[in-house]
Amino acid sequence: MDSFKDKLAVVTGGGSGMGRELTVQLAREGCAVAACDLNEDNVEETARLARAAAPAGVEVSAHVCDVADEAQVVRFRDEVLGRHAADHVDVLFNNAGIGGGGSFVNDRRETWERTFAVDWWGVYHCTRVFLPLILESTEGLLVNTSSVNGFWASLGPGMPNTAYSTAKFAVKGFSEALIEDFRVNAPHVKVAVVMPGHIGTDIVMNSRRALGEPDPEAMSDEELEAWRPALARVGATVDASTDDLRHLLTKVGEDFRNNAPLGAAEAAGIILDALRAGEWRILVGEDAEAIDRWVRRDPGRAYDLPGATRRAGDG
Ligand SMILES: NC(=O)c1ccc[n+]([C@@H]2O[C@H](COP(=O)([O-])OP(=O)(O)OC[C@H]3O[C@@H](n4cnc5c(N)ncnc54)[C@H](O)[C@@H]3O)[C@@H](O)[C@H]2O)c1
């Protein structure tokens, strides 16, 4: 797809970060967009920004939808068709995602399964529900956001990332498997998989909210103490007070956003440029490119970083 002008795109997780920037940049190019999110105020704000950036007459709609719930995705699809008076969709960006469920050993089962449900079942449901409409496009495109954790299943030594990585590997595998399926059965439809490195967004705070975790300011001492082991790995000292933990917990999310090598707008620009150039395997950021090279060079040692904990059986 060498241009998005006059197309209709659906963007999930459009209320923040890369989803917001994709929506605004697509609209600026003259692409109609239907964006959904869990957070109504945020997705409405995205639509406002996108309409302000778009040429006159370009429709941008905002919808509330939990992509992990198929019934809500069906309602979202019906709203899109109504709002855009459309009988097809050209592009679907499966962008919505949350982090969580780091440890399979220690984390709550509900957190693990909710993270997996958003990051994998969200992509599955949206593809199931919107694919018939994409098949009706003369030139359809499915864009699935995985992650570097879709080919490297860790955040580094001491930081397991099991639910997110499992889902992001699934998203990557699904996307790559669809290449041949579309080639054979729907040659006018293409698929791309996006694998960002560290992008400066509010994903840490948004994920906590999506998982029903209280804001650090509202956490009890007991809730804060439960975070102590994880915070110790990112700088909390053994004698940190619970107020220090509260401060650190807020700071982790802010630092994730503020200290990233790439911002969300640049990331969205890289993704859209790559799609216009016909790429299907889209690494976003030099860190993503470096991790990709390094994992491929010696996959058997991919988890043996300096500081990695020794595994049973290691010599
Ligand atoms: N930020 C990074 O460093 C990074 C790196 C690799 C991959 N990613 C992936 O990129 C995508 C976008 O992330 P971001 O960093 O822009 O995050 P973000 O939190 O800024 O934006 C994600 C949006 O998705 C929404 N969302 C979450 N669960 C949802 C659900 N069930 N239904 C609908 N909307 C939902 C959130 O409310 C939020 O508005 C995600 O899939 C994420 O996993 C991000």
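**Notebook: helix H2 and its surroundings**

I looked up H2 and found 14 residues, reaching 20 Å from the first C-alpha to the last, close to the 20 Å expected at 1.5 Å a residue (the expected span is 1.5 Å times one less than the number of residues). Helices here are DSSP runs of H or I with at least four residues, strands are runs of E with at least two, and both are numbered from the N terminus.

I note that this is a predicted model, in which local features need pLDDT of at least 70, side-chain atom pairs count only at pLDDT 80 or more, and totals for chains, interfaces and linings use all residues. Residues are numbered from 1 along each chain as its sequence is written.

**Burial of H2.** I listed the buried residues of H2 as Asn42, Val43, Thr46, Ala47 and Ala50. They cover an arc of only 140° around the axis, so they lie on the same side of H2; the arc is that of the directions from the helix axis to the C-beta atoms. I counted a residue as buried if 20 or more other C-beta atoms lie within 10 Å of its own, exposed if 12 or fewer, and partly exposed in between, with C-beta atoms placed from the backbone. On the face turned away from the buried side of H2, I found the exposed residues Asp41 and Ala52. The cover over the buried residues of H2 includes helix H1 (17–28), S2 and S3.

Cys36 has His63 in S3 as its bridge partner. S2, helix H2 (residues 40–53) and S3 form a right-handed β-α-β unit: with the strands pointing away from the viewer, the path from the first strand over the helix to the second runs clockwise. Four of the five residues of S3 (residues 60–64) are buried, so this strand is largely enclosed by the rest of the structure.

**Backbone angles.** Most residues other than glycine have a negative phi. I recorded a positive phi of about 65° for Asp6, which is not a glycine. Asp6 lies in the segment before strand S1 (8–12) and is exposed, with 11 other C-beta atoms within 10 Å. Ala85, also not a glycine, has a positive phi of about 45°.

**Whole chain.** I noted eleven helices and nine strands. Buried residues make up 43% of the 315 residues.

Note on methods:
Two strands pair if DSSP finds at least two bridges between them. Two residues are in contact if their C-beta atoms, placed from the backbone, lie within 7 Å.
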